[in-house]
Amino acid sequence: MTAPVQSTAPGEIGSARKRSEDARLITGRTQWTDNIQLPGMCHVAFLRSPYAHARITRVDVEAAKGQPGVIAVFSGQDFADEQGSLPCAWPVTEDIIIPAHPALAVSEVRHVGEAVACVVARDRYAAADALESIDVDYEPLEPVLDMEEALREGSPVVHSEHGTNRSYQWVFENGDLDAAFRDAPVVLERRYVQQRLIPAAMEPRAVVCEPFGDEFRLWSATQIPHVLRVMLAMVTGIAEHQIRVIAPDVGGGFGSKLQVYAEEVLCLLLARRLGRPVKWTESRSEGTMATHHGRDQIQRLTLAAERDGRIRGLKVDLLADMGAYLMLVTPGIPLLGAFMFNGIYKMDAYSFTCTGVFTTKTPTDAYRGAGRPEATYAIERLMDELAAEVGLDPIEVRRRNWIRHEEFPYDTIAGLTYDSGNYEAATERAQILFEYDRLRAEQADRRDRGDPVQLGIGVSTFTEMCGLAPSRVLGSLSYGAGGWEHASVRMLPTGKVEVVTGSSAHGQGHETAWAQIAADALGVPFEDIRVLHGDTQVAPKGMDTYGSRSLAVGGIALHNACLKVVDKARTVAAHLLEAAEQDIEFEGGRFSVRGVRDQAKTMQEVALAVFAAHDLPDGVEPSLDSDATFDPDDFSFPHGTHLCAAEVDTETGFVRLRSYVAVDDVGKVVNPLIVEGQVHGGLAQGIAQALYEEAVYDEAGNLTTTTLADYLVPSAADLPAFTTDRTESPATTNPLGVKGVGEAGTIASTPAVVNAIVDALRPHGVHDVPMPCTPERVWLAITQGAGGGLGSTSGGNP
């Protein structure tokens, strides 16, 4: 159920419009990459390594060339001189090790699923069948699977040319940590594992590339058409202006399509070599091995506090599994969490150290939340541990430490400035909707009765930094690009509007929300606005979509472009109304002279007059079209309080989520329906990490969870009904007061669920259950009497 939220904003912003793009998306009457059919198009299939680590001693493709329907077959050696190295755009330290990463392996493979050869055939079935005729000889090498073992002397090395499995070490410190821990009445030490996750977007990845004269048109199910275009040019040497990248309607991404993949590079090279269009579409099992993974961290945490629950200092020592290679932003993902381990809390000192480690597993990279869920999980689990240690209610210990609403803007111990928020209001509203006191009373009663089904209450009071943007901040972190966003507005002669945005939607509802923003700013009907995106020729400037940045950065760029249109139109309207420009008022799409409401010119009338250009002021060009680039000074900081009630059967370990309340503060809301959809989807992903999902490797480095029968993605039937509501603390860093929402549910929900499970089991001596909290793991925690006794290995839980 959703508690109603009334918007006081007039016009479109704040209106719960149904998404205009859904008519084609839900029915499938649109262009997905795999739908594209071109004359003479052939199909590509990739042969992938069955070994986690091996030398390639021979690749024989001759037999495959003679198979029915086969056009060409290539090994890595065939592309060794032109494929370059897949890019890493985030060298986080000066001494970071960034190994060469060929799109098609040449001499060595370093994870199961790495491509070693490819077949081009007349249809996808002939291409797949011909893979069996390729003969590859491998010399197996010892896999590297455990991060802690990988850093020990004498361990096998993933990249022998570098002599170490350590990619980098990054350190942040603020405050006097020794003083904070000296004589601290309470010191807690905990070790948590963020298990490896496999993204499962609704649409698998797909690529089509067509040579077109001396140019190349590449369609890809990507989140980043603009970034992809630049990187393809840099990797292949093809001039950027000869590459057009198109992201048609894309069925989900969650960070997994924030990448420059081997298949995109190779399809471009194959199209160039063969002189004809090529297409590749991954299978679901192929994607589990070849699409980058998420999370996979070991967190060693030490917290110092007073006996009354007030935090003194926090030390974080993080091991982050890079996998076999550094992909586009792999090394920077855990560092996004570096600024969030302090959460919403005040403390005197903070230390963060992250070590990036190579293993012979699929590379990791951005996955919904990207570093922030991992950090939030750690601090929110610690807050519950602190509450249990000092004998306080979990909400009370948070209340004693969080930033009060009157203290904003607040400079945090991690070096960020939170601009606005009200943790008190969100928590109070969540407690009311959750019936917190009643559930605590029921919990006490069950404990007193020795009920085998215990009730646990999980708390997560969180914030996140999103609107990933400030270019100067990204530059200070050695990120390889800026964080600005671009938009343009084209006023058509009939008064209709084309909005062009550099943000590339893959399910977020941009076409609806952007039209709402433009409708209010320009005073034209919502139905008269068309939003264009995802094509580097149509929208040549952009930094694309990730990190909950679309609205807080791209939406503001659009708003600013609309204001420029209004300013231009005001000049023309003043001339037409024979008035001074400073006397012209603009409201509801009408320009009028102050105090004279009966004489006015609509935006549409001005647009037509500009098109005709018969009567314009001297020196005014006949165009209202405008564009804007927005680069905010700071991130935005949505927050919220999530409460979860879980029933845990102590005899079987089965967990049932009984109720879940999420009260989020995302600043001003453009479209409440879109916000609700984002929150619900985010909750499903965060709960999935807590209870269901885990990428599992065996001792040989084989991924054993390669299908959706092995890798459990929950459906609606596996989840409770969510009660959602909002408080509103407008952002002060942009003119609309908006904040991000796309990752909030995922960031907040995982610790809420695990805290609820552990809370139910504290009478049994349990203070941790490794994720995912399957019935077996819950039962083992109960029988061993302490979850911390289970231990966990890197890259997976026992």
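Two strands count as paired if DSSP finds at least two bridges between them; keep that in mind for the first close-up of this predicted model.

Close-up 1. Strand 14 (residues 311-323) and strand 15 (residues 349-358) run parallel and are joined by 10 bridges. Look for Gly-323, which stands opposite Phe-358 in strand 15.

**Close-up 2. A buried salt bridge between Lys-361 and Asp-296.** Their closest N and O atoms are 3.6 Å apart. Lys-361 comes from the loop between strand 15 and helix 10 (372-390), while Asp-296 belongs to strand 13 (residues 294-305), so to speak a link across 65 residues of chain.

**Close-up 3. Glu-647 and Arg-656 meet in a salt bridge.** The N to O distance here is 2.8 Å. Glu-647 counts as buried because its relative accessibility is 12%, whereas Arg-656, at 39%, is partly exposed. Both belong to a salt-bridge network that also takes in Glu-435, Arg-438, Glu-442, Arg-446 and Arg-658.

**Close-up 4. Helix 15 (residues 510-522) crosses helix 16 (residues 550-576).** The axes come within 9 Å and cross at roughly 30°, and the crossing is right-handed. Residues in the contact include Trp-514 and Ile-517 from helix 15, and Leu-558 and Cys-562 from helix 16. The contact residues split into 10 nonpolar, five polar and no charged.

Notes. Residues are numbered from 1 along each chain as its sequence is written. This is a predicted model: local features need pLDDT of at least 70, side-chain atom pairs count only at pLDDT 80 or more; totals for chains, interfaces and linings use all residues. Side-chain values use heavy atoms; hydrogens and water are left out. Axes are lines fitted to C-alpha atoms, for helices over the stretch in contact, and angles run from 0 to 180 degrees between N-to-C directions. Helices (H or I, at least four residues) and strands (E, at least two) are DSSP runs, numbered from the N terminus. A crossing is left-handed if the near helix is turned anticlockwise from the far one by less than a right angle, and right-handed if clockwise. Contact means heavy atoms within 4.5 Å. Ala, Val, Leu, Ile, Met, Phe, Trp, Tyr, Cys and Pro count as nonpolar, Asp, Glu, Lys and Arg as charged, and the others, Gly among them, as polar. A salt bridge is a side-chain nitrogen of Lys or Arg within 4 Å of a carboxyl oxygen of Asp or Glu. Buried means under 20% relative accessible area, exposed over 50%, partly exposed in between (1.4 Å probe, protein chains only).
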